[in-house]
Amino acid sequence: MTVAEPRPITATTVAEAIESRRSIRTFVQEPMDQGDLREILRLASLAPSAWNAQTWRFAVVQDAALKEQLREAAYGQGQITSAPAVIVVYSDMEDTLATVEETAHPGMGEQGRAGQRSTFDNVFGAQEVAQRGQWGLTQANIAFGFLMLAARGLGYDTVPMLGFQPDRVKDILGLPAHVQFAGLLPIGKRAEEGFPHHRHNVERITKFY
Ligand SMILES: Cc1cc2nc3c(=O)[nH]c(=O)nc-3n(C[C@H](O)[C@H](O)[C@H](O)COP(=O)(O)O)c2cc1C
């Protein structure tokens, strides 16, 4: 029996990207177009963050041996090696703090840079690394969502993943101990249909005042 090829799905509006996104765990076996990959990362980097802190960082894994190691760290989940690329999304709040002047808008000049520095030192200076890392992660999660929709908008599919051992992934990628993961994101062209959405309706999850 031949199985029908899933038809490529394009999304030209945000609504279409949201509607057509679903977790895909089997991908077409072809490398990612590197221009598209960079454009998806660029679009995700346009996500908003408090004080424009941009705590998110991306590690893009396309090397087969490294993907295999990531799969092992993710309890053997096969979507990691099926995908041509895996985008590891994490927050690095220590790097954010060390370089915080970079995130002040250039239009604000030297005064803006000094203000950004004092804001971050005042708010986060006395916090534990893990506590401020948690704050950084809330910002990185926004970029994680943007990444999935940016991918869909360019005709790609993804599956967000938190089912992995963080310390093993840090070891594999040589990331510092303090970083916190938004998730792994296998990405490529869908080779399966995935599951239709199953969601609470708006009334179930909303109070209107
Ligand atoms: C933060 C997060 C972590 C997830 N972790 C995994 C995972 O480790 N493995 C997996 O197969 N799916 C994972 N998923 C996918 C969810 O199962 C999926 O998004 C959910 O069932 C809704 O289905 P849909 O994405 O097709 O709409 C994760 C999703 C999110 C948002």
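Author: Let us begin with a single residue in this predicted model: Q54 is found in the loop between helix 2 and strand 1.

Reader: What is the phi of Q54, and is the residue buried or exposed, or something in between?

Author: The general idea is that most residues other than glycine have a negative phi. Q54 has a positive phi of about 50° although it is not a glycine, and at 26% relative accessibility it counts as partly exposed. N52 is placed in the loop between helix 2 and strand 1 as well; its phi is near 60°, again a positive value in a residue other than glycine, and with a relative accessible area of 35% N52 is partly exposed.

Reader: How should I read a pair of aromatic rings, and how many aromatic pairs does the structure hold?

Author: Two things matter, the distance between the ring centres and the angle between the planes, and planes over 60 degrees apart count as edge-to-face. The structure holds 8 aromatic pairs. In one of them, the rings of W51 and F124 have centres 6.3 Å apart and planes at 85°, so this pair is edge-to-face. The pair links distant parts of the chain, since W51 lies in the loop between helix 2 (34-44) and strand 1 (56-61) while F124 lies in helix 6 (residues 109-124), 73 residues apart. W51 is partly exposed, with a relative accessible area of 42%, whereas F124 is buried, with a relative accessible area of 1%.

Reader: Which residues form one aromatic cluster with W51?

Author: W51 forms one aromatic cluster with F120, F124 and W135. For another pair, look at F164 and F181, whose ring centres are 5.4 Å apart and whose planes stand at 85°, so this pair too is edge-to-face. F164 is in the loop between strand 3 (157-158) and helix 8 (166-173), and F181 is in strand 4 (residues 180-188), so the pair ties together parts 17 residues apart in sequence. F164 counts as buried at 6% relative accessibility, and F181 is buried with a relative accessible area of 10%.

Reader: What order do the strands of the open sheet have, and which are the edge strands?

Author: As a general idea, strands of a sheet pair through backbone hydrogen bonds, either parallel or antiparallel. Here an open sheet of 4 strands has the order 1-2-4-3, with antiparallel pairing. Strand 1 and strand 3 are the edge strands, each pairing on one side only. Strand 3 pairs with strand 4 in the antiparallel sense over 2 bridges, and the bridge partner of D157 in strand 4 is G188.

Reader: Which residues of helix 2 are buried, and why can they be said to line one face?

Author: L37, I40, L41 and A44 are buried in helix 2. Seen down the helix axis, the buried residues of helix 2 fall within an arc of 95°, so they line one face of the helix. These buried residues pack against strand 1, strand 2, helix 7 and strand 4.

Notes
Residues numbered from 1 in each chain as written. Predicted model: local features only at pLDDT ≥ 70, side-chain atom pairs only at ≥ 80, totals over all residues. Heavy atoms only, no water. Phe/Tyr/Trp six-rings, centres within 6.5 Å; stacked < 30°, edge-to-face > 60°. Buried < 20%, exposed > 50% of the residue type's maximum accessible area, 1.4 Å probe, protein only. Pairing = 2+ DSSP bridges. Arc of directions from axis to C-beta. Contact = heavy atoms within 4.5 Å.
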